[in-house]
Amino acid sequence: MNGPLGIGSGRGLPLPEIEVSSFQLWITFQTGLREIWAHKFRSVLTMLGIILGVSSLVAMSALVAGMEKGAKEALIAIGGLEKVRVEAQDLPVEQRYLSDQAVGITMNDVLALKQSAPLVTRISPEMRLPATFSANGKRFRPWNCVGVWPVALEMNEHVVEYGRMFNELDDEMARSVCVIGTDTRDELWGSPEKTGEEINPVGQIVFINHLPFTIIGMFQRYESESDHKARELAKAQPASQKNGAVARNRGWGGRGRGGGAFAFKNRTVYLPLNTVWMKFRSGATFAALTAGGSTAPAGATGDPRLSSLELKISSVDLLPESLQQIRNVLMSTHKGIEDFTFRTQEDWAEQIKTFVHNARLSGGLIAGISLLVGGIGIMNIMLASISERVREIGIRKSVGAATGDIFVQIIVESVVIAILGGIAGMFTSFGLIQMISSFSPTDNAPIVTVLALSIAFGFSVLVGVLAGIFPAIKAAKLNPIQALRYE
Amino acid sequence: MSLVELRNVSKIYRLGDEEIRALDDITLDIEAGEFISIIGPSGSGKSTLMHILGCLDSPSKGTIQLDGVMIHNASARELAAIRNRKIGFVFQFFNLLPKLTVMQNVELPMIYSGIPAKQRRERSMASLEAVGMANRAKHRPSQLSGGQQQRAAIARALVNNPRIVFADEPTGNLDSHTGEAILQLFRKLSNEGRTIVLVTHDPEIAAVTPRRIEIRDGKIAVKLDLALAGLDKRPPVQSQVSLAP
C-alpha cells in the first residue's frame with residue numbers, strides 16, 4: 001500500500017506544462033493585495049502620484065468639456081455659424097484720401113445684395129441707436145438698441161415670450177413700438193427675483209430718448225443651461241434669496257465669452273428700422289429734444305448709414321464663396337472703397353476649438369506628468385520591495401515558480417497599486433472639480449464624462465504595467481541559489 | 001534504470017583567468033527509495049552537487065537523467081516545472097514565507113502546479129498530518145519553534161509528492177534534541193518509501209543514512225555501499241514499498 005500521501009504513485013508524471021491560468025492570476029492578485037496591505041502607508045504614498053494624475057486628468061477634461069459646451073451654446077444663441085456681419089470699417093491706408101467719398105453701409109447695399117447675392121438667404125439691416133430708456137421713474141441704457149426689420153427675430157434666434165414682434169406694417173408706418181429684452185424690464189419694473197412675480201411689460205409706455213414708445217413684446221430670458229439650472233434651484237429654495245441674486249449676477253456678469261452672448265441678447269431692444277430712421281436719424285425731427293443728449297443727429301440732412309448688416313448664408317461649407325459674392329456686390333455699391341468688413345462666427349468657432357485644444361493639451365500635459373511621476377514612484381517602490389524580498393523570490397523559485405510566474409507576480413502587484421490609485425483618483429477628481437469650481441467659478445458646470453474616466457483609468461493601468469516591467473524583469477532574473485543565500 | 005543518473009558531471013566557474021572546478025567529473029546513481037547522505041566540508045562542492053541534482057543549477061559538462069528525463073540541458077522553465085513536480089527541498093533556515101500561514105506555505109508549490117483550491121487544502125492538510133503539524137496549520141512561521149518550522153518545511157517539500165527530497169543541513173539550525181526528532185522524521189519518511197538526499201558536513205548526522213557519499217574537492221572521495229556502512233542490517237528499502245511503475 002502507498003503511504004499517506006500516495007507515495008509512489010507519481011511515477012510517470014509527464015513533464016508538466018506551466019501556464020498562467022486565470023485562477024493562478026487570481027491568487028497572484030490576492031498576493032499583490034496582501035503585499036500592499038502589509039505596507040499600507042508606503043502603498044498609499046505610492047498611490048498618491050497616480051491619484052493626483054488621474055484626478056487632474058479627469059478634472060481638467062471635465063472643466064474643458066463644460067467650457068466647450070457653454071461656448072457652443074452661446075454660439076448657437078447668437079445665430080450659429082451661418083451668420084455673417086457686415087460692419088463699417090476705417091478705410092485701408094492706400095484709400096484714405098477717398099474717405100470723403102465713402103458712403104458707408106446703406107439700404108442701397110441691402111437691395112443690391114437681395115438682388116445680386118443668391119448665396120445670401122436672409123438680410124437684416126441694423127441701425128444702432130444710442131438710447132436712454134425711462135419709465136416707471138427709472139432710467140436704463142440697454143447695450144443694444146437697434147432699428148431692424150422683423151426678420152432680425154429669426155436671424156438672432158430671438159423668441160418672443162409676451163406680446164408680439166413688430167411686423168412689416170409697423171415698420172412701414174414707422175410706428176413707435178418696441179420689443180425689449182428681459183433686462184430692460186428688470187431694470188425699469190423689477191426682475192421676478194426681486195418683485196417675486198413675473199411682470200409683463202407689454203402695453204406699457206417707455207420713453208426712448210424722451211420719445212414715447214409702446215412696448216408690444218418682450219423676449220424670453222436667455223441663459224446657459226447651467227445658469228438656468230442654478231436659477232431653477234434658487235427658485236426651489238425661496239429662503240435663500242441671496243443665492244438667487246448670485247445666480248442672476250452670473251447671468252449678465254459675463255465672465256466668459258459665452259455668458260456675454262446671453263447677456264447681450266437680454267440687453268437688446270428692437271425698434272422698427274423705419275421708426276429709428278424717421279424719428280432719430282433723418283435730421284428732420286426733434287433736434288431740440290435730442291440736442292441735450294448724446295444722440296444728436298449727424299446733421300440737418302440726416303444720416304442714412306446703417307451700423308451693420310446681418311446676413312445669413314445658405315451653408316457654412318459655402319462660406320468663402322458667399323463672402324466673395326457679398327464682397328463683390330458691396331465693392332460695386334461702394335464704388336470700390338473698402339469701408340466695410342466681415343465678421344463671421346467662424347473666427348469664434350475656431351477660437352473655441354483652439355482654446356479647447358490648448359486647454360486639453362496643457363491639462364493633459366500636467367496630468368501626464370503627474371502620472372509619469374506616479375509611475376516612477378511605483379517603480380521605485382517595486383524595486384525597494386523586490387530587494388526586500390529576494391529571499392522570498394528564491395523560495396518561490398525553489399518550490400517551482402518559473403521566471404514567468406515571478407514576472408507576473410511583480411507586474412500584478414504594480415498594476416494593483418496603479419488600479420487602486422486610479423479608482424481612488426476617480427473619486428478624488430470629483431472633489432478636485434468642486435475645489436477648482438469654488439476657487440474660480442465659471443458659467444459652465446464641469447462635465448465629467450465616462451470617456452474621460454475610462455481614459456484616465458486606462459492610463460493608470462498602463463502606467464502600472466510600464467512601471468512594473470523593469471522591477472519584474474529584475475526579480476524574475478534572480479538566480480534562485482543566490483536568492484536563497486541572500487540575508 | 002536508476003532514479004537519478006549522473007554521468008561525468010562537472011561544474012566549472014571562471015574567476016578571471018582562473019578555472020575553478022566546483023564539481024569534477026562526478027558519476028553517481030541514486031535509486032528510487034534510497035536514503036542517502038552527501039557529506040563533505042564546506043567548499044567541497046556538496047552544495048553545488050545538490051543544486052545541480054535539485055535542478056536549481058545546470059552542469060557545465062556531463063549528463064543528468066532524473067526520473068527518465070534528461071535535465072542537463074533543460075530550459076529554465078522546464079527546470080522550474082521539474083522542481084515543482086519532482087523535487088522537494090528542505091533548507092537549513094527553513095525558508096518559510098513569513099507573511100503566509102503554515103497552511104499557505106505548504107500550498108505554495110501546488111499554486112505553481114495549478115491545483116484547484118479544494119484539492120490544495122486537502123493535500124496540504126494531509127501533508128501536515130504526516131509531519132505531525134496539522135494543529136498548527138493557521139499559525140505563522142514566527143509563532144512556531146525551530147523544529148516546528150522545519151516540520152512545516154518538510155510538509156511543503158512533500159506536498160507535491162516529489163520523486164526525490166533534498167535536505168540541506170536540515171538540523172543545522174536546531175538543537176540536538178530537536179535535530180534528532182527531525183532526523184527521526186526523515187527516517188520514517190524513508191521507511192514509507194521516499195527517496196531522500198541529506199546534505200551535511202556532520203558525519204554523525206550522515207551516519208543515520210544507509211548510504212553515504214563523501215565529496216572532497218569536487219570529487220567523490222569515498223563511496224560507501226550498504227555493506228561497508230554496516231550501520232543498518234535491514235534489507236534495502238526498495239523491497240519494503242511498492243515502487244513499481
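At what angle do helix α14 (residues 345-388) of chain A and helix α16 (residues 403-439) of chain A pack, and how far apart are their axes? In this predicted model, the angle between α14(A) and α16(A) is about 140 degrees, and the two axes lie 10 Å apart. The crossing of α14(A) past α16(A) is right-handed. On the side of α14(A), the contact is formed by Gly374(A), Ile378(A), Met382(A) and Ile386(A). From α16(A), the residues taking part are Ile410(A), Glu413(A), Ser414(A), Ile417(A), Ala418(A) and Gly421(A). By class, the contact of α14(A) with α16(A) comprises six nonpolar residues, three polar residues and one charged residue.

Chain A contains 18 helices and 12 strands, and 42% of its 487 residues count as buried. Among the contacts in chain A with a separation of 6 or more, 82% are between residues 24 or more positions apart. Chain B contains eight helices and 10 strands, and 49% of its 245 residues count as buried. For chain B, 68% of the contacts between residues at least 6 apart in sequence join residues at least 24 apart.

In helix α3 (residues 107-116) of chain A, the residues Asp109(A), Val110(A) and Leu113(A) are buried. These three residues cover an arc of only 100 degrees around the axis, and they are therefore on the same side of α3(A). The exposed residues Leu111(A) and Gln115(A) are carried by the face of α3(A) that is turned away from its buried side. Among the elements that cover the buried residues of α3(A) are β2 (120-128), β11 (308-313) and α13 (319-333) of chain A.

Helix α11 (residues 273-281) of chain A is mostly covered, as seven of its nine residues are buried. The buried residues of α11(A) are Leu273(A), Thr275(A), Val276(A), Trp277(A), Lys279(A), Phe280(A) and Arg281(A). The crossing of α3(B) and α4(B) is right-handed. Met103(B), Val106(B), Glu107(B) and Met110(B) are the residues of α3(B) that meet α4(B). Their partners in α4(B) are Arg120(B), Arg123(B), Ser124(B), Ser127(B) and Leu128(B). The contact of α3(B) with α4(B) divides into four nonpolar, two polar and three charged residues.

Asn105(B) is located in helix α3 (residues 102-112) of chain B. With 20 or more other C-beta atoms within 10 Å, a residue counts as buried; Asn105(B) has 27 such atoms and is therefore buried. Apart from its neighbours within four places in sequence, Asn105(B) is in contact with Leu96(B), Leu97(B), Leu100(B), Ala152(B) and Arg156(B). The C-alpha atom of Asn105(B) is separated by 9.1 Å from that of Ser124(B), a residue 19 residues apart from Asn105(B) along the chain.

Most residues other than glycine have a negative phi. Asn209(A), although not a glycine, has a positive phi of about 50 degrees. The loop between β8 (205-208) and β9 of chain A contains Asn209(A). Asn209(A) has 20 other C-beta atoms within 10 Å and is therefore buried. In chain B, Asp67(B) is likewise not a glycine and has a positive phi of about 55 degrees. Asp67(B) is situated in the loop between β4 (61-66) and β5 (69-70) of chain B. Because 23 other C-beta atoms lie within 10 Å, Asp67(B) is also buried.

Notes:
Residues numbered from 1 in each chain as written. Chains lettered and ligands numbered in written order. Predicted model: local features only at pLDDT ≥ 70, side-chain atom pairs only at ≥ 80, totals over all residues. Axes fitted to C-alpha atoms, helices over the stretch in contact; angles between N-to-C directions. Helix = DSSP H or I, 4+ residues; strand = E, 2+ residues; numbered from the N terminus. Left-handed = near helix turned anticlockwise from the far one by under 90°. Contact = placed C-beta atoms within 7 Å. Nonpolar A, V, L, I, M, F, W, Y, C, P; charged D, E, K, R; others polar. Buried ≥ 20, exposed ≤ 12 C-beta atoms within 10 Å, placed from the backbone. Arc of directions from axis to C-beta.
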